[in-house]
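I opened a new notebook page for this model.

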Protein chains: 2
Amino acid sequence: MDLEKSIAALNNPVRRRILEWLKDRSNFPPALPEHADLDGVCVAYIQEKAKLSQSTISNYMGQLKQAGFVVGERHGQWTFYRRHEENIRSFLAAFQDEMLKS
Amino acid sequence: MDLEKSIAALNNPVRRRILEWLKDRSNFPPALPEHADLDGVCVAYIQEKAKLSQSTISNYMGQLKQAGFVVGERHGQWTFYRRHEENIRSFLAAFQDEMLKS
DNA sequence: TCCATATATCGAAATATCTCGATATACCGC
DNA sequence: GCGGTATATCGAGATATTTCGATATATGGA
């Protein structure tokens, strides 16, 4: 858990908004029938909502993944990203600790 | 309370370390006798500990102040900075909310 | 195998941040 | 008012981030 890298990943409004969107799958278009059983959202849907280029969003998801806030799972040609709630919580705990603990 | 500006202010290891140091006055040299009753730490002491230039530290303290994490109180030629605990807590609450709230 | 689709990576231009030294401002004591 | 000290602001060079289009890689289907 690298606080430095985590904070840097969150120091961007679009990346934070993506993390918010990923709280609820219904923020995105419905999954294809063959993906109905899979968790997470593909890059193209995130891109469409964020209105930034494909390469930018792929890069952003890479940063969020490196920081541990999301996991990406490849299924065929698609990568499905979803939040890693445990890592998010432990980041927040560590951050709060640094900010408040005497 | 501007989450954007707050996170940017914290996206720097020295500024975060300064906030940590300010938790405890004894991280710095003792105050001058005539300042014994004052709270906070002068810029020069922070600069000495951070080992960065005076202008950089003044700039950093300005950013932390703009974000609401510290207050600066002028007494004569000195500005004494101290943490604004309430603002720090409410930032953390808002941030945690953005990160976790469904 | 060849083509189409989804994602990742590369290289670059625009912009922002970091950090400094120099200078300005504010205040104190003489 | 003048000189000295503490802090703030300015301008600039170095570095990092943002964001893009182009290209590479991976996969699935005809």
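**Entry 1: Glu98(A)**

I looked up the accessibility of Glu98(A) and found 15% relative accessibility, so I note Glu98(A) as buried. The cut-off I applied is under 20% relative accessible area. I am working with a predicted model.

Next I asked where Glu98(A) sits. I found Glu98(A) in helix 5 of chain A, which covers residues 85-100.

Which residues is Glu98(A) in contact with, leaving aside neighbours within four places in sequence? I listed Leu3(A) from chain A, and Arg16(B), Glu20(B) and Lys23(B) from chain B. I then checked the side chains for polar contacts. Glu98(A) and Arg16(B) are joined by one of 2.8 Å.

**Entry 2: the two chains**

I turned to how chains A and B are related. The same surface serves both copies, as 100% of the contact residues of chain A recur in chain B.

**Entry 3: DNA strand D**

How many residues surround DNA strand D? I noted 22. The closest are Ser53(A), Ser55(A) and Tyr60(A) from chain A, with Ser55(B) and Gln77(B) from chain B. Of the atoms of DNA strand D that come within 4 Å of the protein, sugar and phosphate account for 61%.

I sorted the residues of this surface by type. I got 13 polar, seven nonpolar and two charged.

Helix 4 of chain A gives the largest share, four residues.

**Entry 4: phosphate oxygens**

Last, I looked up side-chain N or O atoms of chain A beside phosphate oxygens of DNA strand D. For Thr56(A), I noted a distance of 2.9 Å from such an oxygen. For Arg15(A), the distance is 3.3 Å. For Asn12(A), I wrote down 3.4 Å.

Technical notes. Residues numbered from 1 in each chain as written. Chains lettered and ligands numbered in written order. Predicted model: local features only at pLDDT ≥ 70, side-chain atom pairs only at ≥ 80, totals over all residues. Heavy atoms only, no water. Contact = heavy atoms within 4.5 Å. Near = heavy atom within 4 Å. Polar contact = N/O pair within 3.5 Å; in protein donor to acceptor, adjacent residues only side chain to side chain. Helix = DSSP H or I, 4+ residues; strand = E, 2+ residues; numbered from the N terminus. Nonpolar A, V, L, I, M, F, W, Y, C, P; charged D, E, K, R; others polar. Buried < 20%, exposed > 50% of the residue type's maximum accessible area, 1.4 Å probe, protein only.
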